[in-house]
Amino acid sequence: MTSINHRKARGARFAIAASLIASRAIAGISTRGQQATPPAAAPSRPPNVVRTGVTTSGVARPLSDLKPETIYTVEGSPDWSVATKDAVWVSSARVNHVVQLLPSTGKPGLIATVQRPCSGLAYGWGSVWVPSCGTHQLVRLDEATGNVIAEIPADPANSEGGITVGNESIWMVVKPSMLVRVDPNTNTVVSNLELPTASENPAFGDGFVWISSFGHDQLLKIDPKLNKVIATIPVGPKPRFLTIGAGSVWTLNQGDGTISRVDMKTDKLVATIACGIPGEGGEITFGAGSVWTALFDFPLTQVDATNNLPVRQWAGKGGDGVRFGFGSVWLSNLMQGTVWRISPDQK
């Protein structure tokens with residue numbers, strides 16, 4: 001996922017820096033007998049990320065070849081999503097909404113108001129759990145009404161972080177890098193665990209909490225009974241988003257655009273899959289025997305879990321969030337204001 005607010009903040013920082021440079025240059029114009037102050041150097045911009053996509057013959061195809069079953073129009077910036085028992089809910093931070101999408105009708109349903117929903121969505125106990133970067137809380141929504149049931153003090157560590165459900169608990173990383181465990185029966189934080197810096201995206205699988213450590217190129221394995229990191233597994237550079245499937249944890253690595261596959265039984269890296277989609281933003285999910293990733297300009301990439309190979313990759317304008325549910329891939333096109341429901345059986 002790419003945070004709109006992050007991009008705006010980054011642009012604001014460049015604008016402020018440019019203003020300071022200009023004012024210093026003006027101040028450095030000397031009168032006779034005074035030493036002129038040389039202008040400050042312009043701030044260096046990060047290097048442009050080049051996304052080559054998959055170069056294997058027969059994998060690349062245009063976005064026009066991707067045929068959605070249903071297209072939902074969502075106001076603002078549809079992004080994170082989660083499947084519940086009868087719907088898919090999607091966040092839209094630009095308009096402070098979390099929107100229910102109904103597979104039964106092909107139309108949006110309830111709309112809940114949450115200030116700057118961010119850092120993923122989770123589902124459990126008849127509720128949609130929404131981290132809020134606006135109120136710095138974890139917001140619990142009733143799936144039947146969209147009403148707020150509880151607001152739990154929990155400031156998301158990163159707008160690009162995450163949240164997961166497992167072992168009768170909700171798990172979320174809060175600032176600075178602290179894993180908290182929330183009891184859904186009391187709506188309170190019942191334990192916490194300090195993590196390495198920039199370790200912010202959790203997933204639950206095989207009885208453990210797994211967290212990608214973006215700052216250390218690692219995958220952390222946490223025993224919820226001990227509330228302790230029990231394994232640290234090297235993966236690809238800058239792992240951000242992760243998913244569980246086929247006995248493995250899969251990380252989408254923003255440093256080089258690869259996917260790392262870690263076996264949950266052996267805690268070993270078993271595959272590194274080149275997908276050519278580096279850079280910030282995006283997401284990853286698992287369903288129908290495949291890993292699916294989303295990213296701007298490469299809205300959907302499919303990796304076959306039986307052979308760890310990319311089999312299809314669609315290029316074009318769209319993408320940023322992806323989730324699997326109701327036998328379909330749900331693709332959030334943030335800039336286009338749509339969510340596509342897609343059959344995994346694409347030709």
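Is Cys 275 buried or exposed, and what is its relative accessible area? Cys 275 is buried, with a relative accessible area of 0%; buried denotes under 20%, exposed over 50%, and partly exposed the range in between (1.4 Å probe, protein chains only).

The legends below describe a predicted model, in which local features require pLDDT of at least 70, side-chain atom pairs count only at pLDDT 80 or more, and totals for chains, interfaces and linings use all residues. Residues are numbered from 1 along each chain as its sequence is written, and side-chain values use heavy atoms, with hydrogens and water left out.

**View 1. The disulfide of Cys 118 and Cys 133.** One disulfide (cysteine sulfur atoms within 2.5 Å) is found in a search of the whole structure. The sulfur atoms of Cys 118 and Cys 133 lie 2.0 Å apart. The torsion about their S-S bond is about 85 degrees, so the disulfide is right-handed. Cys 118 belongs to the loop between strand 6 (107–113) and strand 7 (122–124), and Cys 133 to the loop between strand 8 (127–132) and strand 9 (137–142); the pair therefore ties together parts 15 residues apart in sequence. Strands (E, at least two residues) are DSSP runs numbered from the N terminus. Both Cys 118 and Cys 133 are buried.

View 2. Three bridges join strand 7 to strand 8, and Tyr 123 has Val 128 in strand 8 as its bridge partner.

**View 3. The salt bridge of Arg 240 and Glu 200.** A salt bridge places a side-chain nitrogen of Lys or Arg within 4 Å of a carboxyl oxygen of Asp or Glu; the count by this rule is seven. The closest N and O atoms of Arg 240 and Glu 200 are 2.9 Å apart. Arg 240 lies in strand 19 (residues 239–245) and Glu 200 in strand 15 (residues 199–205), so the pair ties together parts 40 residues apart in sequence. Both residues, Arg 240 and Glu 200, are buried.

**View 4. The salt bridge of Lys 265 and Asp 206.** Here the closest N and O atoms of Lys 265 and Asp 206 are 3.3 Å apart. Lys 265 is exposed, with a relative accessible area of 67%, whereas Asp 206 is partly exposed at 36% relative accessibility.

Methods:
Helix = DSSP H or I, 4+ residues; strand = E, 2+ residues; numbered from the N terminus. Pairing = 2+ DSSP bridges.
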